[in-house]
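Q: Hi! Could you walk me through part of this model with me?

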Amino acid sequence: MFRADYHVHTEYSFDSEAPINAVIERAIALGLKEIAVTDHVDFDPRYYITDYNKYIPIIEALKEKYSDKINILTAVELGLESRMSDKLNKFMADFPFDFVIGSSHGVGMLDVYYDRTRLFEGRSKKEAYGIYFEELYKNILTCFGFNVYGHIDYISRYGMYDDNSVKYSEFGDYIDECLKALIDRGLGIEINTSGFRYGIEATYPSVDILKRYKELGGEILTCGSDSHRVEDVGDHIDYAYHLASESGFRYITVFRQRKPEFIGID
Ligand SMILES: [Zn+2]
Ligand SMILES: [Zn+2]
């Protein structure tokens with residue numbers, strides 16, 4: 001049975017202290033066949049950025065060390081923002097990544113987490129989430145070199161409303177526009193299982209969006225825990241594979257030098 005976690009953070013992310021060796025060994029103990037180490041790079045000055053000239057050789061050495069036990073991907077979770085697309089595109093082109101997650105952590109000048117009061121207060125949910133999806137769409141048009149969009153409904157993690165969820169029935173026009181733009185460009189999305197650790201008992205995105213992605217012709221799909229602690233590596237990955245299958249996907253995507261390959265879901 002093939003299972004892979006395509007979204008994990010380690011001590012090389014500003015918000016994680018998980019020792020990288022322990023993360024990999026946990027993945028091996030769980031029987032995962034692949035792990036994409038997707039430490040953060042966000043060019044917002046409030047985030048600490050790892051020196052990738054030093055980081056890449058560390059990952060490459062681990063890849064070699066564990067090659068008979070697990071396939072490790074040199075990867076990154078890059079915070080996308082259209083206003084910085086030149087810098088981001090250069091970064092993506094400069095390093096030999098196997099896989100790149102592009103994520104929206106910022107909306108214009110506002111960070112969804114750090115600036116959530118300024119982002120949400122005085123705005124209706126429709127208004128604030130609309131701004132988020134408009135920015136996300138712009139990122140898809142201007143940022144090149146990433147493979148899947150991370151937690152496409154990230155805004156719901158930090159919303160300040162009674163119901164923070166992003167439902168297709170409510171935001172379908174925005175979601176269609178973004179999903180179609182991704183599909184047209186040969187890009188995909190991920191099933192991010194961190195919702196189970198953020199108290200929503202569901203994945204990012206929810207199953208209605210996943211089904212819509214499939215309906216529109218989406219095929220490129222990865223599953224990731226978005227773990228920041230060793231014990232969360234592989235969390236709900238099995239569930240994510242089942243959800244993919246239930247949503248009509250027969251294959252999960254793996255990446256080789258940023259090129260998608262498909263493995264049947266069993
Ligand atoms: Zn993220
Ligand atoms: Zn992440």
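Q: What covers the buried residues of α8?
A: The cover includes α7 (168-184), β9 (188-192) and α9 (237-246). Contact here is two C-beta atoms, placed from the backbone, within 7 Å. Helices (H or I, at least four residues) and strands (E, at least two) are DSSP runs, numbered from the N terminus. This is a predicted model, where local features need pLDDT of at least 70, side-chain atom pairs count only at pLDDT 80 or more, and totals for chains, interfaces and linings use all residues. Residues are numbered from 1 along each chain as its sequence is written, and chains are lettered from A and ligands numbered from 1 in the order in which they are written.

Q: Which residues of α8 are buried?
A: In α8 (residues 207-215), they are I209, L210 and Y213. They span an arc of only 105° around the axis, so they sit on the same side of α8; the arc is taken from the directions from the helix axis to the C-beta atoms.

Q: New topic: where is E201?
A: E201 is in the loop between β9 and α8. Its phi is positive, about 50°, although E201 is not a glycine.

Q: And is E201 buried or exposed?
A: E201 counts as exposed, with 7 C-beta neighbours inside 10 Å. Buried means 20 or more other C-beta atoms within 10 Å, exposed 12 or fewer, and partly exposed in between, with C-beta atoms placed from the backbone.

Q: What about D226, buried or exposed?
A: D226 is buried, with 25 other C-beta atoms within 10 Å. Its phi is also positive, near 60°.
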